Amino acid sequence: MWSFKASQVVARRWFCKSSISRAGIDLMSLEKKQSPGREEFYFDILYGIHPISCALEAKRRTIETVYYRRDLLNHSGRVKEILERCWEENIKTLPIPASKIDTIVPKGKPHQGLLAKTTRLYYIPTPCTQSIAQLSSEKEASKPVWLLLNEIQDPMNFGSILRSAYFMGCDKIFVTSHKSCSLTPVVSKASSGVMELMPIHSIMNTTEFCQVLKESKWDVVGTGSKTDESNGTACKPTPVGSFQLSNPTLIILGNEGRGLPDELVDLCTHQIYVESRSNLNKNVDSMNVSAAAAVILHSVLNNSNNNRR
């Protein structure tokens with residue numbers, strides 16, 4: 001799926017934004033709003049059952065129109081349930097041919113015959129000066145675990161991490177305000193709709209944010225690999241399985257290619273890594289960041305020794 005803003009020419013940006021096809025623009029032109037002298041699109045096209053169902057439930061977006069493949073009304077209980085909810089809430093629904101849907105959704109993306117024209121979602125800008133008490137929720141555990149995604153740019157990785165974090169019970173998610181993937185329909189689909197349910201905060205100055213947490217008696221936990229032992233860092237990397245949750249904790253995941261910058265590593269109270277098999281091929285020396293996130297979060301949040309209540 002994709003977000004799109006077009007001004008004369010529809011621009012496509014790798015990872016974070018992808019444009020709607022010309023056929024899609026033709027479809028949406030029936031309802032687009034005109035501004036003097038140019039056409040602008042400030043909406044998303046969600047696709048797939050879970051993202052649209054979660055968006056309806058969360059009510060963080062305005063859903064203008066839901067498009068559906070006509071035959072699904074009598075053959076898909078989930079689609080029928082979504083449409084009935086739309087009718088109850090006076091959200092417009094329109095049947096469209098499957099061939100038309102295929103021209104709108106990015107090639108190869110499973111749409112399940114369902115689209116929704118919606119307003120966009122954005123990160124919640126969060127100043128580092130905001131107190132931890134203000135950020136914390138009454139619903140959080142006594143030892144909350146927050147996740148900071150440092151410049152994660154691939155939407156599939158990003159969505160997968162959101163899904164794992166929600167499933168495992170992560171209390172809050174933060175991203176860097178620069179060089180991070182936008183909250184696009186691709187991310188929503190990759191997260192199976194979690195992006196619709198879980199507000200995500202953006203941080204302008206991550207080093208200051210981590211420093212504030214440290215001063216508030218939080219553990220700041222960096223993630224990397226065993227080879228980081230030789231880099232002269234302040235805290236020796238240890239296997240994630242040996243990490244004991246003793247304080248409120250921030251876990252930091254680094255960029256897909258560069259990992260964590262030195263200034264964040266220097267602020268970490270702990271460093272952890274996922275243990276690998278022995279004799280790895282030199283071309284496969286690490287895990288994908290989304291796979292590593294799932295392993296780390298499962299170990300930290302579900303370890304029987306890590307009592308969070």
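Reader: Is Cys-181 buried or exposed in this model?
Author: The model is predicted. A residue counts as buried when its relative accessible area is under 20%. Cys-181 has 1% relative accessibility, so the class of Cys-181 is buried.

Reader: Is Cys-86 buried or exposed, and how many disulfides does the structure hold?
Author: Cys-86 has a relative accessibility of 0%, and therefore counts as buried. A disulfide would require a pair of cysteine sulfur atoms within 2.5 Å. The number of disulfides in the structure is 0.

Reader: What share of the chain is buried?
Author: The cut-off is again a relative accessible area under 20%. Over the 309 residues of the chain, the buried share is 50%.

Reader: How many helices and strands does the chain have, and what percentage of its contacts between residues at least 6 apart in sequence join residues at least 24 apart?
Author: The chain contains 11 helices and 17 strands. For contacts between residues at least 6 apart in sequence, the percentage joining residues at least 24 apart is 84%.

Reader: How are helices α6 and α11 oriented, and what is the handedness of their crossing?
Author: The axes of α6 (residues 155-168) and α11 (residues 289-302) come within 9 Å and cross at roughly 10 degrees. Angles under 35 degrees count as roughly parallel, so α6 is roughly parallel to α11. Residues making the contact include Ile-161 and Met-168 of α6 and Leu-297 and Leu-301 of α11. The crossing of α6 past α11 is right-handed.

Notes. Residues numbered from 1 in each chain as written. Predicted model: local features only at pLDDT ≥ 70, side-chain atom pairs only at ≥ 80, totals over all residues. Heavy atoms only, no water. Helix = DSSP H or I, 4+ residues; strand = E, 2+ residues; numbered from the N terminus. Buried < 20%, exposed > 50% of the residue type's maximum accessible area, 1.4 Å probe, protein only. Contact = heavy atoms within 4.5 Å. Axes fitted to C-alpha atoms, helices over the stretch in contact; angles between N-to-C directions. Parallel < 35°, antiparallel > 145°, perpendicular 65-115°, else oblique. Left-handed = near helix turned anticlockwise from the far one by under 90°.
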